[in-house]
Amino acid sequence: MRQSQFLLPTMKENPADADVVSHQLMLRAGLVRPLASGLYTWLPAGLRVLRKIEHIIREEMNRSGGQELLMPVVQPAELWQDSGRWTKMGPEMLRLQDRHERDFCLGPTHEEVITDLFRREIQSYKQLPVNYYQIQTKFRDERRPRFGVMRAREFTMKDGYSFHADQASFDATYQEMYQCYCRILTRMALDFRPVEADTGSIGGAHSHEFHVLAESGEDTIVYASDGSYAANLEKATAAEPGPRPAPSRAMSSIKTPNVKSISDLCTMLDITPNTTVKTLVVAGDEGPLAIVLRGDHELNPIKASKLPGVKQPFALATEAEILTHTGASPGSLGPVNSNIPVLVDREAAALADFICGANINEEHLAGVNWGRDVKLDTQQIVDARNVVAGDTAPDGQGTLQFLRGIEVGHIFQLGTVYSAAMNASVLSQDGQNLIPMMGCYGMGVTRLVAAVIEQNHDANGIVWPAPLAPFQVHIIALNLQKSEAVQLAAEDLYAKCLDQGLEVLFDDRNERPGVKFAEADLIGIPHRVVIGERGLKNGVVEYKKRTDTKATEIALASVLTQLSGE
């Protein structure tokens, strides 16, 4: 492709509204252009990258037994009402009506559509298992789209769905999809990590996320310093604490004027927060519930939302609600003589002689012990906190460490959540109705472009991994319009590269060398060949990999061999 004819509008400066490197470089390198908040037009160079990602995904999905199909973006409300998610999805689902006032949505995902297709077309257990996938547009009406295509409202996703007659078949396909995702990301030359994850609004029992490691990642990945344990922060858990020490102090009351937080309490009493507990109040199915944490720990809302008796959607009680039900303000709450049900995090349950609120304003209790001063049954002990760096891994293999990651893939073990709700059954071997198990396998195609750039860039621009670069070779001709020798040599090399099947961007523009070099670094094509009149007099050209710091001179006659061998 001749650069003079290629739509590649570069920018010298970072756009003011682009906060992360990938957003900045995608705009500056002419990969995308914004249309409206969270909506982007993909320009030719960006689309070439996108198609290469899709190609790798297709190859590996087909290799794993997936069958590609294509489902509509616009979906009828009836399917979502069948599954029970029409109201559960909330405002992220963009709803609309047609001219007949029938309800539809722009699909944020396609579980309902694929389950409807299955129940119409598959009748017997003999047809199972099946594994379908598509690469299709999705729309989620994000409250605050940000980070460019990383969190856009319209995006491209690979979503796959499998149906199974039994657990063994289900597990085999889930493991194959796990390995398939690892192969996809490895082929893209990405540094990634699969982790255990929460299933979120999709539902089901188990899931794994696939994260591209990057400091700009929105997600916190927790992994063990030894062993194989890894999970996202929402799901991560630590080893159970050791046995609780025996009480050594009597319970006593302490006046604590103006103490509103654990920090205030520690300052006043000159203590550390791990000797205290804090009590948070959440909405419950039958009224407010108290969740007790060690003072230096934070509540994990995802874990808390799954605790018995916690109302959905998860919400903390307001200060007014707390005062009405407990008679005390939030900073003075505690488990002793609590008049609302209490759940206690494992680490808090392992404390002895701790300090807590007295359920009387500006008063705390010291030397409090479970069993002696406050009843604690086994069923009250829960895992409700965020893990912290240094915690022991749940399998005992080392301590927990943190990384930042960009979620690019998520695979779910759905069980029968959708097939049962939508009456998608087949005849079993004994002639009975069989509700198939389902798997769900998503990968963010447009998000992958941003993730690749976050992991592959330098101060000058993008450094594309070879499998994903928009072009393989960048030929830069200097003073082409003024030198017949340069023109002939550049045109000849360009033609020979194309004959060899190489993807080439030929910079034939009438621009200064400095401009051409800066834009070449910004665009990030793996191999650069510079043809200039001075070098041609000696029969050489300059060759430079995008990852090299300096160019080298090579004979013009051997350039094609060099490029073909790379």
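Trainee: How many nonpolar, polar and charged residues are in the lining of the largest cavity?

Mentor: A cavity is a set of points on a 1 Å grid over the protein atoms alone where a 1.4 Å probe fits but cannot get out; lining residues have an atom within 4 Å of a point. Here the lining has 2 nonpolar, 1 polar and 5 charged residues. Nonpolar means Ala, Val, Leu, Ile, Met, Phe, Trp, Tyr, Cys and Pro; charged means Asp, Glu, Lys and Arg; the others, Gly among them, are polar. This is a predicted model, where local features need pLDDT of at least 70, side-chain atom pairs count only at pLDDT 80 or more, and totals for chains, interfaces and linings use all residues. Residues are numbered from 1 along each chain as its sequence is written, and side-chain values use heavy atoms, with hydrogens and water left out.

Trainee: Which residues line the largest cavity?

Mentor: His474, Ala520, Asp521, Ile525, Arg528, Lys544, Lys545 and Arg546. The space inside is about 50 Å³, a volume being what is filled by probe spheres set on grid points joined across faces, edges and corners. The structure holds 4 cavities of 30 Å³ or more.

Trainee: Which helix and which strand each supply at least two residues of that lining?

Mentor: Helices (H or I, at least four residues) and strands (E, at least two) are DSSP runs, numbered from the N terminus. Here they are helix H13 (513–523) and strand S29 (540–545).

Trainee: Which residues of H13 are buried?

Mentor: Buried means under 20% relative accessible area, with a 1.4 Å probe and protein chains only. In H13 these are Val515, Lys516, Glu519, Ala520, Asp521, Leu522 and Ile523. Just after H13, Gly524 has a positive phi of about 85°.

Key:
1 Å grid on protein atoms, 1.4 Å probe; cavity = no way out; pocket = protein on both sides within 12 Å on 5 of 7 lines; lining within 4 Å. Buried < 20%, exposed > 50% of the residue type's maximum accessible area, 1.4 Å probe, protein only.
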